[in-house]
Amino acid sequence: MYEKTNEVLKAIAHPVRIKIIKELYESPTCVCNLNKDIKYSQANLSKHLKILKNANIVECKKEGMYRYYKLTDEKVIEIINLAKEIAYK
């Protein structure tokens, strides 16, 4: 049980992945749109999305040539907000 918890916490413990999660909280989107909002290469974003996917934080749906990502559970944003509150006490 703690191994999975550890995996989730490690997956969200990166500034780029937090940005991705916040973008996906607004709405599901493809990597090409994330690339416009988060100024990193598509390869870099794909690497981070893979980590989030392996931790079951995001899921992917392929439509034609595009892969659309969405959060599997919006509670992950609550975890990020809680961590932010603790950090700035």
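Me: To begin, in which strand is K70 found?
Reply: K70 is found in strand β3. Please keep in mind that this is a predicted model.

Me: Is K70 buried, exposed or partly exposed?
Reply: K70 counts as partly exposed, because its relative accessibility is 37%, and the range for that class runs between the limits of under 20% for buried and over 50% for exposed.

Me: What does K70 touch, leaving out residues up to four places away in sequence?
Reply: With those neighbours left out, K70 touches L24, P28, I57, V58 and E59.

Me: With which residue does K70 form a salt bridge?
Reply: The partner of K70 is E59, and the closest N and O atoms of the pair are 3.4 Å apart. E59 lies in strand β2, which covers residues 58-63, and K70 lies in strand β3, so the pair ties together parts that are 11 residues apart in sequence. E59 is partly exposed, with a relative accessible area of 36%.

Me: And how far is K70 from R17?
Reply: The C-alpha atoms of K70 and R17 are separated by 13 Å, and the two residues are 53 residues apart along the chain.

Me: Back to salt bridges. How many are there in the whole structure?
Reply: A search of the whole structure finds three salt bridges. One of them is the pair of E59 and K70. Another joins K4 to E7, with the closest N and O atoms 3.7 Å apart. There is also a salt bridge between E63 and K61, where the closest N and O atoms are 3.6 Å apart.

Me: Where do K4 and E7 lie?
Reply: Both K4 and E7 lie in helix α1, three residues apart, which is about one turn of the helix. K4 counts as partly exposed at 46% relative accessibility, and E7 counts as partly exposed at 30%.

Me: Let us move to the inside. How many residues does the largest nonpolar core have?
Reply: The largest nonpolar core has 20 residues, and those with the most contacts inside it are I20, I21, L52 and I57. At least two residues of this core come from each of α1 (2-12), α2 (15-26), α3 (31-37), α4 (42-54), β3 (66-71) and α5 (75-87).

Me: Which element gives the largest share of this core?
Reply: That is α2, which supplies four residues of the core.

Me: You listed L52. What does L52 touch, again without residues up to four places away?
Reply: L52 touches A11, I12, R17, I20, I21, I57 and V58 on that basis. Two of these, I20 and I21, are also listed with L52 among the residues with the most contacts inside the core.

Me: New topic: cysteines. Which residues does the disulfide join?
Reply: The disulfide joins C30 to C32, with an S to S distance of 2.4 Å. A search of the whole structure finds one disulfide.

Me: What is its handedness, and why?
Reply: The disulfide of C30 and C32 is left-handed, because the torsion about the S-S bond is about -55 degrees.

Me: Are its two cysteines buried or exposed?
Reply: C30 is buried, with a relative accessible area of 3%, whereas C32 is partly exposed, at 28%.

Me: One last point. What is the phi of N56?
Reply: N56 has a positive phi of about 60 degrees, although it is not a glycine. Most residues other than glycine have a negative phi.

Me: And where is N56?
Reply: N56 is in the loop between α4 and β2.

How values were computed
Residues numbered from 1 in each chain as written. Predicted model: local features only at pLDDT ≥ 70, side-chain atom pairs only at ≥ 80, totals over all residues. Heavy atoms only, no water. Core = buried A, V, L, I, M, F, W, Y, C linked by side-chain atoms within 4.5 Å. Buried < 20%, exposed > 50% of the residue type's maximum accessible area, 1.4 Å probe, protein only. Contact = heavy atoms within 4.5 Å. Salt bridge = Lys/Arg side-chain N within 4 Å of Asp/Glu carboxyl O. Disulfide = S-S within 2.5 Å.
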